[in-house]
Amino acid sequence: HDEPIVLGIETSCDETGVGIVRGHTLLANTIASSMDEHARFGGVVPEVASRAHLEAMTPTVEGALAAAGLRFSDIDAVAVTAGPGLAGALLVGVAAAKAYALGLGVPLYGVNHLAAHVAVDQLEHGPLPKPSVALLVSGGHSSLLLVPDVAQDVISLGSTVDDAAGEAFDKVARVLGLPFPGGPHIDRAAREGSGTAVAFPRGKYDDGTLDFSFSGLKTAVARWVEAREAAGEAVPVADVAASFQEAVVDVLTRKALQACARYDVKDLLIGGGVAANSRLRAMAQERCDAAGVRLRVPRPGLCTDNGAMVAALGANLVAAGAKPSTLDIPADSSLPI
Ligand code: KG4
Ligand code: ZN
């Protein structure tokens with residue numbers, strides 16, 4: 001074969017993800033999640049996640065190889081998320097990747113988690129147009145990126161100054177008595193409600209930056225719900241969910257299209273777990289159509305954290321002739337883009 005086969009390992013949060021790609025072709029994307037163990041705490045517990053990664057690592061790698069019909073000896077390179085993410089969780093993946101690379105005698109590539117979220121789309125929609133703008137929204141990050149070339153050059157345009165978008169969904173879901181992680185439940189509840197029922201505040205709406213803020217919105221929803229409860233009135237869950245979701249999605253799509261306009265970019269990519277949100281997808285499509293911008297959103301299994309995204313970026317690095325990482329690369333919980 002001429003295109004390199006790359007094994008990618010992702011352990012920045014609660015998902016142990018192992019993906020295998022050949023160039024831009026997805027061969028396997030195997031995931032073990034410890035989410036069930038975190039649900040009763042209402043959030044990911046770092047120590048629990050680290051231990052779960054350690055237990056899941058070998059079976060998940062073997063599962064990915066089996067799914068791809070490959071053996072260890074077929075692997076040409078190993079890529080791993082070096083950061084950002086939970087320190088202990090990252091360490092497990094980085095240590096495993098070093099061991100695999102050393103044992104197999106193949107190069108190791110430590111990659112940035114956010115850049116990997118961008119690179120994954122090429123597995124579904126082909127090479128990313130250069131340049132593109134990427135909006136990454138998940139439980140751990142909310143960022144706008146300018147992407148001249150995902151293997152070489154990714155520039156941060158803005159990010160959240162407080163809560164991540166997914167975190168806001170999860171916290172508001174809790175206020176509404178919906179299960180964790182709350183994003184999908186808010187999405188579903190919102191379908192029965194009105195996005196204009198309650199005028200919730202939109203943080204940093206007209207501030208001229210490409211940053212986000214969601215904690216004021218989260219607090220406003222909590223206060224609104226508390227006031228209803230204190231007055232002994234029923235909380236209209238669907239209307240609150242829809243109105244909260246509308247505020248988040250309005251700000252996200254507004255700033256994403258402002259970024260495209262400001263840098264004269266005609267391609268927008270949306271990734272991360274919140275990209276599964278049906279209202280976000282619909283409003284982004286409407287606003288992109290109006291602005292003459294092409295929209296790319298990977299399918300949900302590629303939007304949430306996974307190993308294929310890391311393998312995809314690794315394949316780009318191999319193709320670009322990038323220098324491999326040394327075996328002493330650290331896991332960096334706040335790795336900048
Ligand atoms: O990317 P991801 O799986 O993990 C990280 O946080 O890195 O994203 C998970 C986040 C959670 O906050 C979850 O509530 C949110 O994505 N999410 C959604 C939806 N599906 C998942 N948020 C809004 N609408 C959804 N349909
Ligand atoms: Zn992520």
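**Helix packing and local backbone features in a predicted model**

Of the 11 residues of helix α6, 10 are buried, so this helix is largely enclosed by the rest of the structure. A residue counts as buried if 20 or more other C-beta atoms lie within 10 Å of its own, as exposed if 12 or fewer do, and as partly exposed in between, with C-beta atoms placed from the backbone. Helices (H or I, at least four residues) and strands (E, at least two) are DSSP runs, numbered from the N terminus. The structure is a predicted model, in which local features need pLDDT of at least 70 and side-chain atom pairs count only at pLDDT 80 or more, while totals for chains, interfaces and linings use all residues. Residues are numbered from 1 along each chain as its sequence is written, and chains are lettered from A and ligands numbered from 1 in the order in which they are written.

The buried residues of α6 are Ala165, Gly166, Glu167, Ala168, Phe169, Asp170, Lys171, Val172, Ala173 and Val175. They pack against β6 (132–137), β7 (142–149), α7, α8 and α9; two residues are in contact if their C-beta atoms, placed from the backbone, lie within 7 Å. Helix α6 (residues 165–175) packs with helix α8 (residues 215–230) at an angle of about 5°, and their axes are 10 Å apart. Axes are lines fitted to C-alpha atoms, for helices over the stretch in contact, and angles run from 0 to 180 degrees between N-to-C directions. The two helices α6 and α8 are therefore roughly parallel to each other, given that angles under 35 degrees count as roughly parallel, over 145 as roughly antiparallel, 65 to 115 as roughly perpendicular and the rest as oblique. On the α6 side, Ala168, Lys171, Val172 and Val175 meet Leu217, Lys218, Val221, Ala222 and Val225 of α8. The residues of this contact comprise 7 nonpolar, no polar and 2 charged. In this division Ala, Val, Leu, Ile, Met, Phe, Trp, Tyr, Cys and Pro count as nonpolar, Asp, Glu, Lys and Arg as charged, and the others, Gly among them, as polar. Just after α6, Gly177 has a positive phi of about 75°.

In the loop between α6 and α7 lies Pro181, which is joined to Phe180 by a cis peptide bond with omega of about -10°. Helix α7 (residues 183–190) contains Ile186. This residue is buried, with 27 other C-beta atoms within 10 Å. When residues up to four places away in sequence are not counted, Ile186 touches Phe169, Val172, Ala173, Leu178, Ala241, Phe244 and Gln245.

Helix α10 (residues 278–291) has 14 residues and reaches 20 Å from its first C-alpha to its last, close to the 20 Å expected at 1.5 Å a residue. The expected span of a helix is 1.5 Å times one less than its number of residues. Leu280, Ala284 and Cys288 are the buried residues of α10. They cover an arc of only 55° around the axis, which puts them on the same side of α10; the arc is that of the directions from the helix axis to the C-beta atoms. Their packing partners are α9 (237–262), β9 (267–271) and β10 (294–296). Ala282, Glu286, Asp289 and Ala290, on the other side of α10, are exposed. Gly292 follows α10 and has a positive phi near 70°.

Helix α3, of 18 residues, reaches 26 Å from its first C-alpha to its last, close to the 26 Å expected at 1.5 Å a residue. Its buried residues include Ala89, Leu90, Val92, Gly93, Val94, Ala96, Ala97 and Ala101. Among the elements that cover the buried residues of α3 are β1 (5–10), α2 (46–68), β4 and β5 (108–112). Pro84 occupies the loop between β4 (77–83) and α3 (87–104), and the peptide bond from Gly83 to Pro84 is cis, with omega near -10°. Just after α3, Gly105 takes a positive phi of about 65°.

Positive phi values also occur in residues other than glycine, including Lys204, with phi near 50°, and Asp264, with phi near 55°. Lys204 lies in the loop between α7 and α8 and is partly exposed, with 18 other C-beta atoms within 10 Å. Asp264 lies in the loop between α9 and β9 and is exposed, with 7 other C-beta atoms within 10 Å.
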